[in-house]
Structures are given as structure tokens and as C-alpha cells.
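Here is a short briefing on a structure, grouped by topic. Keep the sequence and the 3D view open while reading.

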Amino acid sequence: MKLDSRIPSGPIAQKWDQHKFEMKLVNPANKRKHHVIVVGSGLAGASAAATLAELGYAVTCFTYHDSPRRAHSIAAQGGINAAKNYQGDGDSIYRLFYDTVKGGDFRSREANVYRLAQLSVNIIDQAVAQGVPFAREYGGMLANRSFGGAQVSRTFYARGQTGQQLLLGAYQALMKQVGSGAVRLRPMKEMHDLILVDGHARGIVTRDLISGEIESWTADAVVLGTGGYSNVFYLSTNAMKCNVTAAWRAHKRGAGFANPCFTQIHPTCIPVSGEYQSKLTLMSESLRNDGRIWVPRNAGDGRAPNEISAADRDYYLERMYPSFGNLVPRDLASRRAKDMCDDGYGVGSSGRGVYLDFADAIERLGEEAIRERYGNLFEMYERITGENPYGQPMRIYPAPHYTMGGLWVDYNLMSTIPGLHVIGEANFSDHGANRLGASALMQGLADGYFILPYTIGDYIARHAGDPIAPDHPDVAGTVEGVKSRTARLLAMDGNRTVESVHRELGRLMWDNCGMARTATGLRTALERIPTLREEFWEDAKVVGGGGTLNQVLERAARVADFLELGELMCRDALAREESCGGHFREEHQTPEGEAKRNDDGFSHASVWGYTGEDSAPVEHREPLEFEYVTPSQRSYK
Amino acid sequence: MGRGAALFRTSIGLKITMAVSGIVFVGFVIGHMFGNLKVYQGAEVFNHYAEGLREFGDPFFQYGQTLWIARAVLIVALAAHVWSALKLTRQSRAARDERYRKLEALEFSRASRSMRWGGVALLAFVVYHLLHLTFGAVHPDFIAGDAYHNLVTGFQSVPVSAVYAVAMLALGLHLYHGVWSAFQTLGISGPRVNRMRRPLALGIALVVAGGNLSFPVAVLTGIVA
Amino acid sequence: MNLTLHVWRQASPDDRGRFVTYEALDVEAHMSFLEMLDVVNEGLEERGEEPIAFDHDCREGICGTCGMVVNGRPHGPWKRTTVCQLHMREYRDGDDIWIEPWRAAGFPVIRDLVVDRTSLDRIVAAGGFISARTGSAPDANAIPVPKAHAERAMDAASCIGCGACVAACPNASAMLFTSAKVAHLNLLPQGRPEKAMRVIDMVLQMEAENFGSCTNHGACETACPKDISVDFIALLNRDYLSAAVGRSG
């Protein structure tokens, strides 16, 4: 596997412009003859499909949902960062770049992050032009807030529904192209494999979720915008259908998978309430702007929160990090909550929770002001828990939320398979080992609107070949492979439900490859996962047929891939003998319990190559160089 | 132009037709009720008023012309109202091809559910009312030109008065939802307008239905004789 | 608690469909409604029976994927709440719960409680967008938008496209959905240039999708999990009327 990052030469601020100039263009008259497949219709997929169609390419967009608008980008709450400096508080492209590299704990590619910061401003312009109703000041100008510990106000937001509004903007742009016939939309079709011809990505195989039909689709290039894989943990804040299948299938066809162990645990989620729990609900990080996090000073203090006096409370983040307090980055906030609960200070019936208290903010600003800022979140909390957060503190606990790892891509967002491009959360590129709040929407849209549509032109101009006939042996072979795998799944008639296997995998991953990892734990998981995978194929059961809507079959196919991915995550976590960002190895910490990076040994992206079912994956390394932001120990004291 | 006309055949176009024709009727029933209040001033005034309707607009219009013009407008409005209602009902029936076992009533007011059967009932009533007090075909003691007499003798029958009472109840409901609905359909909406839409609808419904109901009550109690 | 469920089962669009009764045992008050169904389904799977197909995804009330009529009410009894956020503490031991799919000609049943709502996408494709070519936008602050307008547009834009408005409407009308999208875009200065075309194209597509007519019942607003107001329907009507008059004149 050759890892050529294709980072343009020259000063960082000019790399993207220079690169845009150097890329080959496709003759406008020829664009409609070139066909691009976009898999996924979230922020990245929808914006890419719409923009490619505007440019004149023939686009087919696939989603396993009934509508592109259901993609999980819709659930992002807090906001989107942009270096607009509308607040005049000293923000700049360079500062956003700097913050993002530092926040990612120096495990991302500088050139990509700089480009992301540059494009952030264009995204806001584009979104406003599309009718995204961002929050505004009384004068009619856009409002900003400070988010996730940033020292400047650079976050644009639409109430607590920023992801929804940005996705609707991209969705509307996409539907315009669908209406005009420039994009063929294929809902309720799930990608099951990638078609390679002469080593290039030339199409995909899908299963129609309603009719069960397995079909092949060919094109000049394939784009995956298929999201993250947090559902490997079973319980996560991801939507129930989020899965790794498209990316994993591509990986098995030769695409390198980078930093799979870089997962983000979000600190402010509603704690688990029981065995039946199907997913976890995130409460926007913005709550930490006004809420104070605490636990009882005495372990096992069973009193109701309001009966615990200030003296008996430990506002531990404020105590440990006097300058950032409750606004420390996500990984720190999550890990400290875990420590508190591990040490017996946890609250709630399970003991896995800490308080997020608004009493002081309500006293200072009044209940009305708090209602205006967080009303919908408070309402959601009350609906789920039956507790009123205006009257008593919320209980929160960290939950898997986002995956920084993903398919490796070069500066052009192309994977190690020529022609296969990967955008949004599905790729690995910009967030390093930890993503900052309000940066996911930014990256998805930068990729989809402003990067991929141009870089893919360069690939097409250089490589577009003859159309592939539907009966081409590589196409037919791939279709056969999917058919036989589906048949194998349908034939499973054991004693365990698919759900029970997924739950077990999730617990294994959470315990051993979650917020804190140890070599021993990871080895335990690496021993157990292959046997669990065997149990799945031998003892799980898929009821129903293949010719209709069959949600058990859908889940089974996804869980089968999680069972393989989980192993790779543990392997990656074990190989990375350091702590950085969301990856915390207990063996590697400072005396104060902070993550201890090993820049000499691990300043690289680990890119795993698939070598077959019975052989271990091979690790390749893309070294990371830091010319502009000197790696330093993060300190939020 | 072709496309423009087609735009009035959509469900929204038909609803606009219903609203506009409905407003004609709202005007009519209000005028009709106020005019009939003259019955409390005695036979002479009332008959003079009834006759006056025919001379309205004189000398510009000839005897009876304005009345017929008014009648023509009402007939056109009625036809448009009923035709639109039929088309809209058919569309809506087709839109729920499979019915629920149960669907909770979630609408703002029960009056909205009365529009279809209430409308049919009102149509039947209008026919009866015309045959009864305008043409006298179903009136036991009809004297052409003596509206006062026809009204008093007509309402002295308890069953006839009961029919009128039920019809006025239906009219009240129809007006209550119809007036509010017309504001919605014509897009007359805004924070200030919205505050007065319900009270106005209720007011018109109460005044018209109440005023009309007073006539049979007055006859049966002997206040008007 | 133990509950008796009566669930609409329909193997395919052509199947007649029927209610099937299931016992949901040991349901906990903390469960969400869909988690209760998950447990029932896992029991069915264990016995080798096909589980109840129902659509759902984010389970936090924003994706608009879930939707079913619970005891005659779209999304169940809680106001401003999608069925995925409904929790079982609402119910008491021994309760009967009837569960039906959205029923509308515009939403054909695919299987059990899953319906096809692509009609709503086609309405959006007809005009529910602002044409702004990527990269062509002026600076985001170039056009100030009064806060009140932005807020009102946001109220309309909160629609999650779940289809509860259609399900609740005695006429199976899609006016609340369509009006929310029209209002969101027409209320913003960026949406002005395409205002008339948008409203007409979207309404014509809505008509073509077999939805019923709006009789201003207001059931849609009551059922809407996002509290979208029927005031937007008035706005749609106004924009439609002026566009239609403009066209015919």
C-alpha cells in the first residue's frame, strides 16, 4: 500500500489555491458524460452530490433511508465553526487552524486542517444563501457563540438544531438537482460492496431494502459519505442505522483504514437507564457554557442533589482546570467523569453519572434566559428521564459519539483505491485524535461543497476510462459475492438474536476499547472478538426472507461488519503505545493523569491494510509533520 | 392564461372559490337577518321592506331587477360553493383510502367536522325555505305580497319552527368554522389579525343564528302575531 | 407492567393487513415506546417469528423517520413528541395499545408500520429550495435578516418531515408540511426571487401526490411533534393566491 498524501508544496496559506490551479479540469462539455456515484446523503454526501451535479456531472446518490434528509447529520445540535471573525474577537483562519490541530492532539495533517479553516468561511456564506436560518442579532447580523472551550466566538448556530438546518440546506440543493434530473436519487438502497476494475473503483453493489434486489451500478468514480462507526459500541449517540458497512467493504477491497481507534466519547449524554437501552441521547455541549459539573464530595452520598450543600459538592473540573473549568475539551471532560464514577462518586441508580447543574445560572440569569438558550434540550431531558432540570441538576455520562478514524484519504480525499473518494466522518483526515465541538459539520460541508467536487475532476480528467458493461466479469463477480453473503446470512438459524451479539460486542468494546484502554484489556477483547464472530455466524439467527423489507437481515449484515471492525480497532489501540486525544492508554499518562503523547514513536497515522480473512492486517504509516504548530503538551489548567 | 386558470382548479384554488363564495353568503345571511328584524316593527314596515327589496336601485334598475341580479349572484355563488365542496370532498375521501381503526379528533373545534353534513343539511333547508316562504309551495296559507302574514302563520306550526331552529344551529356551526376558515384560505393572517379571527367568527355565527332563531320563538311566544 | 398490543401487520403493499395481538410483558417505565417494541421484537425473533417492521433511526426526535398511530394519535399521546421519545411511564399495567401505520394514499404501506413517504421528497424537489450555486454566495452578512424574520423562518424550518400532519388530518392533506417548507424559504430575503414559482410548483406536486385538501381542521398542528403552526398554511395560501393571480393576469 503506497501512502502518498499528495500535500502540495509551498507555504500553507497558498497550498490549496496552488493545488486548485495545478489540478486538471474536465472539459465542461464532457462532464455530463462522466458518471459519479455518491453513497450517503448526509452533509457530505448531499452537498457533494448537489455540487457535482451543478458542475455538470451525471450523479447517482444512494441512501439506505427513505429520504436523504434522514441522514444522521440531522442530529447535530450545537453549531458550526467558521473563522469569520464577525465578533471582532481576534479570530482568524490561522487561529481556527491552530486550535483544530492542537485540539486534535497533533495527530492530523496540517495542510488539510488549514484548508478546512480557509473554507469554513465559504460554508457559512453558502448556507446563508440557501436559506439556513442561523441565529441572528437584533440588527439582522449573524450571531455567534463560544463553543466547546474555544476562546473566541466563532460558532454559528440555528437554535439547538444546527445540523438539521445545514442538512436541510444541502438536502434542498440536492433535491433541486433531483428535480431537474441531474441527480438520480436511489433511496432505500444499501451499499454492500465496491466494484473494482483494473484496480480502480468503478461502481458499487447495493441491496434494495424493500424488494431485496441486489443490483450493480457503475461509474467513473465512487464517493463514500457514509458516516462514522460509533455503533460498534452498540450504545452510542449515533442513529440506529448508522453502520460501517460501506467503508468496511471498501477496506476489504483494498482501501486503507486509518486510526480506527480514534473515537470520541461525548461528555454530556443522558446516562443508561437499563438493559433494554437501545441508544444514548446526547445533550449539546453548549450546556457546559452555563451548567456546572459536580459530584458529591463523599462517595456513595445517597442524598438528593438539592439536599447536598455546597461544601459537600466537588466541582471537580473547576477544581482541576481552573482556567478552562467546565469547558475543557471533550476527551478530558469524559475521562474525568469516568474517573469520578470509577472512584465511587457517581450518581443515579447505576452510579454511572455526574451532575450538570444549572441552579447558579438560573439564579444569575433567570429561568427565562436559560429556557431561551436551552429550552428544547431541557424539554428533551425531561421527556426521557421524567425529571425536571430546572428544579434539579441533570445527570450526564459520556457516550460514544464520533469517530475521527476512517478510511485513509490523500489531500484530494481519495483513498488508497484509485477513484474511491471518501468524505465527511467516513474519512480520517482533519480531526486527528480528537474532534473539537462544532467542527464535524464544518468538515462534512467543506469536503462536500468545496473540496471533493474539484479534486474528483482531477482524477476523472486523468483516469476516466470506457464505460463498464453490466456483464463485465468484475461486476458480475462482485454481485455474486454479495448474493452469496446475503444468502449465508439468511440461512443463519441458531439460537441467538443478532441484537444480543451486537450488545455483547458493544460491551466488550466499551469496556476494553472505550474511554480508557489497557494492553491487558485490549488483548482480552482481541481474544474474545473472533470467537464472538464465530458464534455470530454459527449461532445467530436471521428470521424472514430476502425478497422483502427485512430489518433483521439489514442489522445482521451490519453487525457482521462491526464484528470485524471491532477487532481492528483493538489492534490499532494496542499498537498505539501512547495516549492522545480520544485514545487514552492507561499505561501512558502523566503523574496528574493526563494523556501522554509519544511524538517520537507515534507522530503518524496508522493505516491498516486488509490482507484476508485468515491473516492479520498490516499497518502502514503516514508520518505527520508539523511545520507550523509545534506539538506541545496540551494544557487546560 | 391557461396555466393561470388551472391554478384555480387545485385544492387551494377550489378552497379560494369556497371562501369567496362563502363570503357572499356570509354577507347575505347577515343582511337577511337584519332585514327581517323589521318584523318586530309590525306588518306594514315589514311588508314595505319586503316590497322595497324589489324596488331597490330604482330608477336605475327596473322593478325586481336588483333582486334578480342579487339572486343570480347567490345562485352562482351557491353553485361554485357546492361544486367545490363536492370536488374537495371526493379528493379527500380518495386521499384516505384505508381508514383508521380509530383516529382521535385532534382538530381545533368540532365545528370543522360539521361542515360536510351541515352543508348538505343547509342546502336542503334552503330549498325548503324557498318553497316555504318565498314561493309558498309548501306553505299552508301563503299570500303573495304579504310576507308578514306568511312568516307569522308559517312559524305558528311547532314542527316547522323546529326545522328552522335545527337549521339555524347548523348555520351557526357552518359560519363559525367557515368565517375563520375563509381567513385561513385567503391568507389573511398575522399576529394582530389572528387575535380577532375567532371572536369575529363566533360573533357572526351567534348574531346570525340567534337573530334568525328569534323569529320563530317570537311567533310561538306571541311576541309577534 | 404488562401490556396488550394490537399491531397492524401487513406483509407487503398488496397484502390486506390485519391487527395481531401481542403481550408485552415486564415493560419498564423507563423504556421508550420503541424500546418496548424492540423487546417484543426480540422475543418474536427468539421464537422464530418475523418481528414487527417499524421505521426509526435517530431516536431523539429529529430525523423524522419514526411514526405510527398509537391509540388513534400520531406519535402517541405526548404533545410535541415523536413516538421515539414517548416513554412507557405514560402507561399502566393492563393497558391495551393499538398501533397502526400512517394511513394516506400519499403514503402507501411498505410493510407493517413502515410507509413510503417519498412523496414528501418529490414536493421538495419541485421547488423547496433556494437556487444558490456552490461558491456563488455573497458574504453571509451582506444581507441583514431581521431577527424576527429569521426566527419565524426557523419555526417553519423545524419541520422534520415525519408525515404526522398527513396522518392526523381527516383529509390526509399535506398542507402543513408543504406550507412549512414554503414559509421557511419565502420568509427569508434569500428566498424572495423564487417565491412565486416555488409556491406554485410545490402545490402542483402536492396535488399530484394524492393528498387530500385542507379544510382547516387544525388536527395537523395538534399532532405535529415540532409545533408547526397552521399560520404557515395561511401564508402558503396567500403566496399561492398572489402567485396564481400574477400568473393569470
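## Briefing

Chain A contains 17 helices and 21 strands. Its radius of gyration is 24 Å, close to the 26 Å from the globule rule for 637 residues, so chain A is as compact as a globular protein of that length. This is a predicted model. It scores ipTM 0.98 and pTM 0.96.

**Confidence**

- Chain C has a mean pLDDT of 96. In chain C, 99% of the residues reach 70 or more.
- Where pLDDT is low, predicted coordinates should not be read in detail.

- The C-alpha trace of chain A spans about 75 × 60 × 50 Å along its principal axes.
- Of its 637 residues, 60% count as buried.
- Take the contacts in chain A with a separation of 6 or more: 73% of them join residues 24 or more positions apart.

**How the chains meet**

- Chains A and B are joined by no contact. Their closest C-alpha atoms lie 19 Å apart.

**Chain C against chain A**

- This contact takes 68 residues from chain C and 63 residues from chain A.
- On the chain C side, α1 (33–46), β6 (109–111), α2 (118–127), α3 (147–157) and α5 (175–186) each supply at least two residues.
- α1(C) provides the largest share of that side, seven residues.
- By class, the side of chain C that touches chain A has 29 nonpolar, 20 polar and 19 charged residues.

**Chain C against chain B**

- Here 40 residues of chain C are in contact with 38 residues of chain B.
- Four elements of chain C each supply at least two residues to the side that touches chain B: β5 (96–100), α6 (195–208), α7 (219–223) and α8 (231–248).
- α8(C) gives the most to that side, with 11 residues.
- The residues on the side of chain C that touches chain B divide into 20 nonpolar, 13 polar and seven charged.

**The five-stranded sheet of chain C**

- Chain C holds an open sheet of five strands in the order β2-β1-β5-β3-β4, with mixed pairing.
- β2 (18–24) and β4 (73–74) of chain C are the edge strands, each pairing on one side only.
- β3 (residues 69–70) of chain C pairs with β5(C) in the antiparallel sense, over two bridges.
- Across this pairing, Val69(C) stands opposite Glu100(C) in β5(C).

**Nonpolar cores**

- The largest nonpolar core has 324 residues. Those with the most contacts inside it are Ala49(A), Leu174(A), Val223(A), Leu407(A) and Val166(C).
- Helix α16 (residues 551–575) of chain A gives the most to this core, with 14 residues.
- Beyond its neighbours within four places in sequence, Leu174(A) is in contact with Ser41(A), Ala46(A), Ala49(A), Ala50(A), Cys61(A), Pro68(A) and Val183(A).
- Another core, of nine residues, lies apart from the largest one. Among its members are Val39(B), Ala147(B), Tyr148(B) and Phe215(B).

Technical notes: Residues numbered from 1 in each chain as written. Chains lettered and ligands numbered in written order. Predicted model: local features only at pLDDT ≥ 70, side-chain atom pairs only at ≥ 80, totals over all residues. Rg over C-alpha atoms; globule rule 2.2 N^0.38 Å. Buried ≥ 20, exposed ≤ 12 C-beta atoms within 10 Å, placed from the backbone. Contact = placed C-beta atoms within 7 Å. pLDDT = per-residue confidence, 0-100. Nonpolar A, V, L, I, M, F, W, Y, C, P; charged D, E, K, R; others polar. Pairing = 2+ DSSP bridges. Core = buried A, V, L, I, M, F, W, Y, C linked by C-beta atoms within 7 Å.
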